[in-house]
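Reader: Please take a close look at the cavities in this structure. I would like to know what lines them.

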Amino acid sequence: MNNPKIGFKPIPMAIALALAAIIYFIPTPDGVTDQAWSLLALFVGVIAAIIGKAMPIGAISIIAIMLVAITGITTEDGNAKQAMEDALSNFSSSLIWLIGISIMISRGLLKTGLGRRIGYLFIAVWGKKTIGIGYSLALSELILAPVTPSNTARGGAIMHPIMRSIADSYDSTPDKNTEGLMGKYLSLVNYHSNPISSAMFITATAPNPLVVNLIAESLGSEFRLSWSQWAIAMLVPGLVAFILMPIVLYFLYPPKIKNTPNAVQFAKDELVKMGKMSRDEIIMFFIFGILLLCWAGVPNFLFGFSIDATATAFLGLSLLLLTGVLTWEDVINEKSAWDTIVWFSALIMLATFLNKLGLIAWFSQSLEVGISGLGLNGMTAGLLLLVAYMYAHYMFASTTAHITAMFGAFLTAGIALGAPPMFFALSMAAASSLMMTLTHYATGTSPVIYGSGYTTLGEWWKAGFVMSVVNILVFLIIGGAWWKVLGYW
């Protein structure tokens, strides 16, 4: 007899419940309130369920909201109305809506074909050599990043089909065991462009606003990075990382085909098939420019008129709707955007109340005590925490779960140990995207590209580790020097 259909995976859910119960029944440590410890138990259960994929992350988040509201765990007197308000408190967060609306806007890049056109244009110019195609893919990824908060959509849905088309045109496919001709190299460049571009803009990947929020929660509102501050800070190290990445991968896995004059013609042929830029593409292009100018603070610089980053996103979406480039049906059907708004709100709510109830401060103090005993100076201690935080991603299949679980405590501990605050905060912010290089399950983009079969598991992990070292050194050394020039530390 078949088991009745259920909405969750029994084993991952059982593990999540068991971990939550274990935490809950452990005696509350000194310096922690029972209320905070109970919330930690709930938090651990939620993160474990996300890691184990017991249910979709949005569904888990709805259950978390329900539990906070019913248990009154965030309130001192169990007031039901206050508990419900606490559970829904972050649905009004402007950062959450910035990402949600930006994902809706990025639908325009796919719908109009502008994203593909940008990719083929660069290949038509620099595609005479395989490494030139690599740089074209990387540059296209960088151009699309500011208005594509779904790094999976950017790397997997827009750039990966272009990369596969180029490889197929040279008969480099896993089906024929010819991936070594160029497909392996291009697929790795396709993927490793994704973490770097994600680190460069708040709107380049969904968890970045969570990082901004956690920095502000941990260190005070004076550390709340604006869109332009983040972009300027990450610009120089990001560009250096983009320059080095295709070269490093070229030496790791050199393509057998080095010269690719046909790729230029292939890209030109694809552009001919696409025809002239359509009305919708032209409108999308101009709205793209308006968004970048507003996020960069140009209206304020020229006219003294400031526009909030989230208001800018709403402006962009409104223009797309008014011009008919996107329809309301397109917006409604952008499931990833609505999903992101729900789970982001729930996870930020949990992280916020863990901080308000003193749990993050207690945990960071525990880390501080443990590491201070090693006798390290502040910078060295901070770097030790940074490395531990970044490579802990081997245990995570979700950057959001990883950031929510560890970022706040590690950041606070590093600052307390004497690491320069802004230097350490920016380094942790960069690492939160760069850690996506490591595995074939590190983020949504990785299974899409790895699943195409161009690399073996060992090749993927080797490239991931090497690039993680190169990238983090670039952001620490080049980035650190750049941040010093900017006066950030």
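Author: α20 gives the most to the lining of the largest cavity, with 6 residues. This is a predicted model, in which local features need pLDDT of at least 70, side-chain atom pairs count only at pLDDT 80 or more, and totals for chains, interfaces and linings use all residues. Residues are numbered from 1 along each chain as its sequence is written, and side-chain values use heavy atoms, with hydrogens and water left out.

Helices are DSSP runs (H or I, at least four residues) numbered from the N terminus. A cavity is a set of points, on a 1 Å grid over the protein atoms alone, where a 1.4 Å probe fits but cannot get out; lining residues have an atom within 4 Å of a point. Points are joined across faces, edges and corners, and a volume is the space filled by probe spheres set on them.

The whole structure holds 2 cavities of 30 Å³ or more. The largest has about 50 Å³ of space. α17 (335-356) and α20 (399-416) each supply at least two of its lining residues. That lining includes Phe43, Leu214, Ala351, Ile360, Met406 and Gly408. By class it has 9 nonpolar, 2 polar and no charged residues. Here Ala, Val, Leu, Ile, Met, Phe, Trp, Tyr, Cys and Pro count as nonpolar, Asp, Glu, Lys and Arg as charged, and the others, Gly among them, as polar.

The second largest cavity has about 30 Å³ of space. α10 (208-219) and α17 each supply at least two residues of its lining.

Conventions
On a 1 Å grid over the protein atoms alone, a cavity is a set of points where a 1.4 Å probe fits but cannot get out, and a pocket is an open set with protein on both sides within 12 Å along at least five of seven lines; lining residues have an atom within 4 Å of a point.
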